[in-house]
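Open the model in your viewer and keep the selection panel at hand. This tour goes stop by stop: what to select, then what is there.

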Amino acid sequence: MPRGRPPSAAVDHAVRKAVLELLGEVGYRDVSVERVARRAGVGKAAIYRRWRSKADLVCAFVFDDLQPPPDQGSLRADLTVLAGDLVGFLTGPAVSRALLGLTADLRGDPALAERLIARHRRCLAAVLDRAVARGELAAPPDPAWAHAQLLGPAYAWFLLFDGAAGPDLPARLATDLVNVLRGEAGGR
């Protein structure tokens, strides 16, 4: 029989709200479990029972909502929606304030990084599987490779070029990935 109090939805909600508010106010670097606990009105122990670290806590609330897009009828259209979701996600206030520091922290926590990356890859794999089922691709590509092809340029625009890509970035990312997947731009 488990010991201690059962998880509380009210605590989870208060912690989520505190994390998102603090990211917007002070950025990832200055978010701490202590600050989150104080803002949420809970003890640090309540947080550490649920999340192992600040990075785990932030990932739980900032990255958990990733879902494959609804079927748009073609690989290019599916990838455009997925890339649009990715661009919207990267430019959201919580993510944009967390991304650089969180990326550095994830390098020190390979298990958490893999969980986060696996969420992204599952979304892309669903899109690629649909394309195979429709006959647009002969076989599913390596999901890690395809993921890097989509995510790499998006991250570059937002981390290196300050997000100055323009509104056509999702369509451009989708077109480039479709071309690469079909071998029109060099493939593997």
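This is a predicted model: local features need pLDDT of at least 70, side-chain atom pairs count only at pLDDT 80 or more; totals for chains, interfaces and linings use all residues.

**Stop 1: helix α5**

Select residues 75-91, which form helix α5. Check its length first. At 1.5 Å a residue, its 17 residues should span 24 Å, and the end C-alpha atoms are 24 Å apart, so the two values agree.

Now colour the buried residues of α5: Leu75, Asp78, Leu79, Leu82, Ala83, Leu86, Val87, Phe89 and Leu90. They cover an arc of only 170° around the axis, so they sit on the same side of α5. An α-helix has 3.6 residues a turn, so residues three or four places apart point the same way.

What do the buried residues of α5 pack against? Show α4 (54-62), α6 (93-107), α7 (110-134), α8 (143-160) and α9 (169-181); these are the partners.

**Stop 2: Asp78**

Stay in helix α5 and select Asp78. Is Asp78 buried or exposed? Asp78 is buried: its relative accessible area is 0%, and the cut-off for buried is under 20%.

Next, show what surrounds Asp78. Setting aside neighbours within four places in sequence, Asp78 is in contact with Pro69, Pro70, Asp71, Gln72 and Gly73, and also with Val127, Arg130 and Arg134.

**Stop 3: the largest pocket**

Rolling a probe the size of a water molecule over the atoms shows where empty space is left. The largest pocket holds about 300 Å³ of space. To find it, select Thr103, Leu106, Leu116, Ile117 and Tyr155, which are the closest to its centre among the 15 lining residues.

Then show α6, α7 and α8. Each of these helices supplies at least two residues of the lining of the largest pocket. Colour the lining by class: 10 residues are nonpolar, 4 polar and 1 charged.

**Stop 4: the second largest pocket**

The second largest pocket has a volume of about 220 Å³. Select Leu66, Leu82, Leu86, His120 and Cys123; of the 13 residues in its lining, these lie nearest the centre. Two or more lining residues come from each of α5, α7 and α8.

Which element gives the largest share of this lining? Go back to α5: it provides 4 residues, the largest share for the second largest pocket. Leu82 and Leu86, selected here, are also on the list of buried residues in α5.

Finish with the classes. The lining of the second largest pocket has 8 nonpolar, 3 polar and 2 charged residues.

Note on methods:
Residues are numbered from 1 along each chain as its sequence is written. Side-chain values use heavy atoms; hydrogens and water are left out. The expected span of a helix is 1.5 Å times one less than its number of residues. Buried means under 20% relative accessible area, exposed over 50%, partly exposed in between (1.4 Å probe, protein chains only). The arc is that of the directions from the helix axis to the C-beta atoms. Contact means heavy atoms within 4.5 Å. On a 1 Å grid over the protein atoms alone, a cavity is a set of points where a 1.4 Å probe fits but cannot get out, and a pocket is an open set with protein on both sides within 12 Å along at least five of seven lines; lining residues have an atom within 4 Å of a point. Grid points are joined across faces, edges and corners, and a volume is the space filled by probe spheres set on the points. Ala, Val, Leu, Ile, Met, Phe, Trp, Tyr, Cys and Pro count as nonpolar, Asp, Glu, Lys and Arg as charged, and the others, Gly among them, as polar.
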